[in-house]
Number of protein chains: 2
Amino acid sequence: MYDQKYLLEFTTDVFMRIGCSREDAAAVAAVLVAAELRNHSSHGMIRVREYYELWKNGRVNVTPDVRVVHETPSTAVVDGDRCFGMVAGARSMRLAIEKAAATGTGWVAVRNSNHFGIAGYYAMMALEHDMVGMAVTNANPLVVPTLSVSRFLGTNPLAVAVPAMEEPPFVADFATTPIARGKLAVSEKKGEKVPFGYVQDAEGNPSDDPGILRNGGGMVTLGGDRLHGSHKGYCMTAVVDIFSSLFSGANFGPFVPPSVAYLPVPENQPGLGTGHFFGAMRIDAFRPADEFKASMDHWIRTFRNAQPAKGEERVYIPGDPEREAEEKFRNEGITLVPAVAQDLKGIAAELGIEFISD
Amino acid sequence: MYDQKYLLEFTTDVFMRIGCSREDAAAVAAVLVAAELRNHSSHGMIRVREYYELWKNGRVNVTPDVRVVHETPSTAVVDGDRCFGMVAGARSMRLAIEKAAATGTGWVAVRNSNHFGIAGYYAMMALEHDMVGMAVTNANPLVVPTLSVSRFLGTNPLAVAVPAMEEPPFVADFATTPIARGKLAVSEKKGEKVPFGYVQDAEGNPSDDPGILRNGGGMVTLGGDRLHGSHKGYCMTAVVDIFSSLFSGANFGPFVPPSVAYLPVPENQPGLGTGHFFGAMRIDAFRPADEFKASMDHWIRTFRNAQPAKGEERVYIPGDPEREAEEKFRNEGITLVPAVAQDLKGIAAELGIEFISD
């Protein structure tokens, strides 16, 4: 088990050693460790190796000049200068919050960035300011539009965080596909099939083979197939892609650069890097904050008291599982799988520091 | 076949006869006829009877004082004074557009409203102003949260319209459930089963019975079941519900009043009427408008040229099917099912006007 503070310090140290400022390194570390705490380990410490390889391959700028290239009272465009996504992400969400404080809402589009970790981290930054926070990003193209076999979309997550009064906040943070890509890799390693409705083969037929992506297959959008509403999932994924790219001039859909160094950057890219989009809305730009938050308590209690289906024990509010994981992992420590710990040991050795594994 | 202009005139006349101003009646008619043109007849002329019955039962105010009750430079809250949803809807979307013109983006929350027709109509109002438009609403509770049997959510649609240059705009307009409720009614009338993944029974078991809602069953969220990501669909539906109610103080989830007079209004309502939420974002608040629109052309052409799955002829851009239907129906006329035409004849007779059926 690893103490979260230790992982934060170690990760900050790694990114400083490769050239990041302390502030930038801490921004990267904060989001990766937050992912571990919230039980989204697919976006946690496993990424240190991937980010390190991106840097070694010259795909990331560790001394970026992240700057605002355009703004209005409620909007801005930020150029990340090829930074790690967290560097532009945290700064852009802070800017959205500042704009919301001044004009009611703030909306910031980002270009020329990279993988930014869990979207929920940024959306949740708004909560302490009594604001609703939103964050989306596009990602490696692995997902097909409905009725197509072209892998033109990412698993494009959307996060929305809403503050409450006495209840913990509502935090929805979800990919717009039935599952995250990491789950396919896990099933494949275990030699297991996956349920139909996650992936299709190279012709577009339903498949239960988690390795099908290496044979021209694709992941499907939420809904699974046309009959079950995958065209609505396609709408969602497409909207996230458009918001993440078109407002800032980042790459869209099939042109989004991969978040791993072993995959090539697409040719003829029409934009700059990966894109994100952030929003903050002051709740008292609409209603007195106490009134809004008391109503949100009512919403949360109503839905928490929904009657469970037969055989189920409880009905969750979006954000409940992650918050409960975080409480547990903060107290008991974070478990890393041996391969990840080994990766961290290897990187530490290359950088002349130490990773103290448990 | 009916000419759309005739349906507009007739419907405007109906709503003027029950007491609406010409402007308000025209707003209602415009959205209902737009639904017919866009092949969403479940939200079209069939609603004239339902709205008429709501009025007869005193559930709608035909002379409302629709007013802004709070505002900041980029936000506003509108009280619909129990109006037909289109009256508050069109006015609130215009206000969002005005605010976006001034500050980059505009966001308007609405309370004390009723069913507003197709969400896409409002989102599309932004297009001619070179803005991205968004509209959401909550609706009759018929949908269960994941792992629950409580019908706490509506089919809560989300619409997003994005302008392009030479290509027609991208218009996503979709319920956050696998299907619209109207499809269940159609299957039931035909005596057909529906695919598993649309509805569940009173205990939460999967069902293929389209009539199950009358026996305690519920509709499920996009994804269908937990294994296929229905918790992500639940997140979407919940976010739409929260945006539609909490910002304005409208009713949320199980308290949303039904859009038909034969169902009772829920007791202990915490808010006012049905709620909506509208947004407009000036594209040149981010990038020069021509640059944005040229990029959107590129996006649309890229996705339109995606390779179809085996046996499929084309890949659609969100908004393609509706736009093609509209072109056809504007030229060839709109078909109404006999029961709807009969309803319109009956209402016309009661109001001392005439409905000329084909």
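## A glycine in a loop

Let's start with G211(A), which is found in the loop between β8 and β9 of chain A. Helices (H or I, at least four residues) and strands (E, at least two) are DSSP runs, numbered from the N terminus. G211(A) has 15 C-beta neighbours inside 10 Å, so it counts as partly exposed. On that scale, a residue is buried with 20 or more other C-beta atoms within 10 Å of its own, exposed with 12 or fewer, and partly exposed in between, the C-beta atoms being placed from the backbone. From C-alpha to C-alpha, G211(A) lies 35 Å from A26(A), and the two are 185 residues apart in sequence.

A word on the model itself: it is predicted, so local features need pLDDT of at least 70 and side-chain atom pairs count only at pLDDT 80 or more, while totals for chains, interfaces and linings use all residues. Residues are numbered from 1 along each chain as its sequence is written, and chains are lettered from A and ligands numbered from 1 in the order in which they are written.

## The β8-β7-β9 sheets

In chain A, three strands make an open antiparallel sheet in the order β8-β7-β9. Its edge strands are β8 (206-207) and β9 (218-219) of chain A, each pairing on one side only. Here two strands pair if DSSP finds at least two bridges between them. Strand β7 (residues 199-200) of chain A is joined to β8(A) by two bridges and the strands run antiparallel; P206(A) in β8(A) is the bridge partner of Q200(A).

Chain B also has an open sheet of three strands, in the order β8-β7-β9 and with antiparallel pairing. β8 (206-207) and β9 (218-219) of chain B each have a single partner strand, so one side of each is left without a neighbour in the sheet. Two bridges link β7 (residues 199-200) of chain B with β8(B) in the antiparallel sense, and V199(B) stands opposite S207(B).

## Strand β10 of chain A

Now for an enclosed strand. Nine of the nine residues of β10 (residues 274-282) of chain A are buried, so the strand is largely enclosed by the rest of the structure. T274(A), H276(A), F278(A), A280(A) and R282(A) point one way from β10(A), and G275(A), F277(A), G279(A) and M281(A) point the other way.

β10(A) is joined to strand β3 (residues 105-113) of chain A by seven bridges, running antiparallel, with T105(A) opposite M281(A). Strand β4 (residues 131-137) of chain A also pairs with β10(A) in the antiparallel sense, over seven bridges, and M131(A) stands opposite R282(A).

## Strand β5 of chain B

β5 (residues 158-162) of chain B is mostly covered, with five of its five residues buried. L158(B), V160(B) and V162(B) point one way from β5(B), while A159(B) and A161(B) point the other way.

Four bridges pair β5(B) with strand β4 (residues 131-137) of chain B in the antiparallel sense, and G133(B) stands opposite A161(B). Five bridges join β5(B) to strand β6 (residues 170-174) of chain B, again antiparallel; there, D173(B) is the bridge partner of A159(B).

## Two helix pairs in chain A

Helix α3 (residues 46-56) and helix α10 (residues 338-351) of chain A pack at about 40°, with their axes 8 Å apart. Axes are lines fitted to C-alpha atoms, for helices over the stretch in contact, and angles run from 0 to 180 degrees between N-to-C directions. α3(A) and α10(A) are therefore oblique to each other (under 35 degrees is roughly parallel, over 145 roughly antiparallel, 65 to 115 roughly perpendicular, and the rest oblique). The contact uses I46(A), V48(A), R49(A) and Y52(A) of α3(A) and V340(A), D343(A), L344(A) and I347(A) of α10(A).

The axes of helix α1 (residues 4-17) and helix α2 (residues 22-37) of chain A come within 8 Å and cross at roughly 140°. That makes α1(A) oblique to α2(A).

## Where the chains meet

The contact takes 68 residues from chain B and 68 residues from chain A, where two residues are in contact if their C-beta atoms, placed from the backbone, lie within 7 Å. Among the elements giving two or more residues to the chain B side are β5, β6, α7 (230-245) and α8 (289-304) of chain B.
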